[in-house]
Amino acid sequence: MTEKALQAHVLTLARTTGWLVYHTHDSRRSQPGFPDLVLVHARRATVLYRELKTETGRIRPEQRQWLTALAEAGADAAVWRPSDWLGDRVAAELLGVVS
């Protein structure tokens with residue numbers, strides 16, 4: 001599954017389950033490494049920062065720096081891959097299911 005296909009699946013599920021989603025469509029003039037998606041669910045008081053990668057896609061140092069800094073600051077920051085979509089992880093996180 002491509003990153004673009006993964007993103008389309010995630011965006012569809014997120015929007016249909018009440019998430020507000022931000023994605024920079026052209027990141028050439030943005031801060032390098034900032035995560036692909038910021039998802040906000042006000043009713044649940046939840047904000048997710050997610051970097052999307054193919055199954056073999058590598059996280060660049062700038063991306064690792066952002067994810068680490070966000071997590072150290074208490075944010076929910078992580079990487080989602082196609083296996084997370086095909087398994088239960090993405091849906092569980094978006095639906096608020098505790099596993």
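## The end of the first helix

Select Gly 18, which follows helix α1 and has a positive phi, near 90 degrees. Helices (H or I, at least four residues) and strands (E, at least two) are DSSP runs, numbered from the N terminus. The model is a predicted one, in which local features need pLDDT of at least 70 and side-chain atom pairs count only at pLDDT 80 or more, whereas totals for chains, interfaces and linings use all residues. Residues are numbered from 1 along each chain as its sequence is written, and side-chain values use heavy atoms, with hydrogens and water left out.

## Whole chain

Display the entire chain as a cartoon. Four helices and four strands make up the protein chain, and along the sequence they follow the pattern α-β-β-β-α-β-α-α. Along the principal axes, the C-alpha atoms fill a box of roughly 30 × 30 × 25 Å. The radius of gyration of the protein chain is 13 Å, which agrees with the value near 13 Å of a compact globule of 99 residues; the radius is taken over C-alpha atoms, and the globule rule is 2.2 Å times the number of residues to the power 0.38.

The accessible surface comes to about 6,300 Å², and 54% of it belongs to carbon and sulfur atoms. Accessible areas come from the Shrake-Rupley method with a 1.4 Å probe; for residues, only the protein chains shown count as cover. Of the 99 residues, 37% count as buried, where buried means under 20% relative accessible area, exposed over 50%, and partly exposed in between.

Among contacts in the protein chain with a separation of 6 or more, 56% are between residues 24 or more positions apart. A contact means heavy atoms within 4.5 Å.

## Helix α1

Select residues 3-16, which form helix α1.

Which residues of α1 are buried? They are Leu 6, Gln 7, Val 10, Leu 11, Leu 13 and Ala 14. Their cover includes the strands β1 (20-23), β2 (37-41), β3 (46-52) and β4 (76-80), together with the helices α3 (82-86) and α4 (89-95).

## The sheet

Select the four strands, which form an open sheet in the order β1-β2-β3-β4 with mixed pairing. Because β1 and β4 stand at the edges, each with a single partner strand, one side of each is left without a neighbour in the sheet. Neighbouring strands are turned by 25 degrees against each other on average, direction ignored. Two strands pair if DSSP finds at least two bridges between them.

Begin with β1 and β2, which pair in the antiparallel sense over four bridges. Here Val 21 stands opposite Leu 39 in β2, and Leu 20 has Val 40 of β2 as its bridge partner. Strand β2 is mostly covered, with four of its five residues buried.

Continue to β2 and β3, which are antiparallel and share five bridges. Val 40 stands opposite Val 47 in β3. The two strands form a hairpin with four residues between them. Select Ala 45 in the turn, whose positive phi is about 50 degrees. At 71% relative accessibility, Ala 45 counts as exposed.

Move on to β3 and β4, which pair in the parallel sense over five bridges. Tyr 49 stands opposite Ala 77 in β4. Four of the five residues of β4 are buried.

Select Asp 76, which lies in β4. Leaving aside residues up to four places away in sequence, Asp 76 touches Val 47, Leu 48, Tyr 49 and Arg 50.

## Helices on the sheet

Finally, display α1 with the strands. Helix α1 lies across β1, β2, β3 and β4, and runs at about 155 degrees to β1. Helix α2 (residues 61-72) packs on the sheet, touches β3 and β4, and makes about 145 degrees with the direction of β4. Axes are lines fitted to C-alpha atoms, for helices over the stretch in contact, and angles run from 0 to 180 degrees between N-to-C directions.

Note on methods: Expected span 1.5 Å × (residues − 1). Buried < 20%, exposed > 50% of the residue type's maximum accessible area, 1.4 Å probe, protein only.
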